[in-house]
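Please keep the viewer open as you read.

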Amino acid sequence: ARIWAVLPAAGRGTRFGGEVPKQYLEAAGKPLIAHALDALLSHARIDGAVVALAADDPRWPGWTTRHGKPLLRCTGGGERADSVLAALHALPSDVGDDALVLVHDAARPNLRAGDLDRLIDAAIAHPDGAILGAPVRDTLKRADAASHIVATEPRSALWRAFTPQAFRRGALSAALERARADGVVVTDEAMAMERMGAHPALVEGREDNLKVTTPADLALAEYLLARGTA
Ligand code: CTP
Ligand code: MG
């Protein structure tokens, strides 16, 4: 089957602050979005990628190929799901409904080939697709409005969701369209699939596949990228 990457990169990085959207900030010599793209397109099993950019993005370098593979662009939307849907529509017409699409945050620069391999294997094996994630490690507290502890929640069944998230193109497109029609904002692609009754597989990934949300995250990403594959 064909495998394409989709990178939502139309966000403004409001939690990070500053003038430059975080996907264009540099770490270890290149922008976060270039790290994310290179991790995906340097992988032998991935055929190409689509990036969803803000309508007025002046910073996209205009790449049309990378690692000898097609790199397409489209205009994203107001919510992450709108950006992903736009990218799905921008896939080449010969990428069918059964093709595997890997949705990956442009601001998640430290994706390693081993995680990609295990994610792709799991998504091919499971009809509902698969996502990278990791079990919750901290003790979880439920709070009231005054931030006083009400209960300790059992954590053994709880995971954090990372990206990439891998689904068949047709099923993901239908799920995101449905969430939009229902007026539900989904915070990841798996959530849209779950609303359709799917149970995607959780693939335990590296903890250092972090999403840059704040300046402290960027410092950590810089350290991890400079350190390499340890
Ligand atoms: N994204 C997107 N389109 C949107 C919102 C987000 O393509 N309308 C992308 C971001 O560019 C990022 C990824 O989705 O690569 C993850 O989103 P997030 O970390 O929330 O980034 P931002 O929305 O830019 O940051 P913030 O929520 O702090 O504003
Ligand atoms: Mg956001």
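Two residues are in contact if their C-beta atoms, placed from the backbone, lie within 7 Å. Helices (H or I, at least four residues) and strands (E, at least two) are DSSP runs, numbered from the N terminus. A residue is buried if 20 or more other C-beta atoms lie within 10 Å of its own, exposed if 12 or fewer, and partly exposed in between, again with C-beta atoms placed from the backbone.

This is a predicted model, in which local features need pLDDT of at least 70 and side-chain atom pairs count only at pLDDT 80 or more, while totals for chains, interfaces and linings use all residues. Residues are numbered from 1 along each chain as its sequence is written, and chains are lettered from A and ligands numbered from 1 in the order in which they are written.

**Helix H2 and the ligand**

Let's begin with helix H2 (80–90), whose buried residues are Arg-80, Ala-81, Ser-83, Val-84, Leu-85, Ala-87 and Leu-88. Their cover includes E1, strand E4 (48–53), strand E6 (69–75), strand E7 (100–103), helix H4 (169–181) and helix H5 (189–195).

Ligand 1 is surrounded by 22 residues, with Pro-8, Gly-11, Thr-14, Arg-15 and Ser-83 the closest; a residue is near a molecule if its C-beta atom, placed from the backbone, lies within 6 Å of it. Strand E1 (3–9) and H2 are the elements that give two or more residues to this shell. By type, the shell holds seven nonpolar, nine polar and six charged residues. Here Ala, Val, Leu, Ile, Met, Phe, Trp, Tyr, Cys and Pro count as nonpolar, Asp, Glu, Lys and Arg as charged, and the others, Gly among them, as polar.

Strand E10 (residues 149–153) lies largely in the open, because zero of its five residues are buried.

**Backbone details**

| Residue | Phi | Other C-beta atoms within 10 Å |
|---|---|---|
| Ala-28 | near 50 degrees | 16, partly exposed |
| Ser-147 | near 60 degrees | 7, exposed |

Ala-28 sits in the loop between strand E2 (26–27) and strand E3 (30–31), whereas Ser-147 belongs to the loop between E9 and E10. Finally, the peptide bond from Thr-163 to Pro-164 is cis, with omega near 5 degrees, and Pro-164 lies in strand E11 (residues 159–168).
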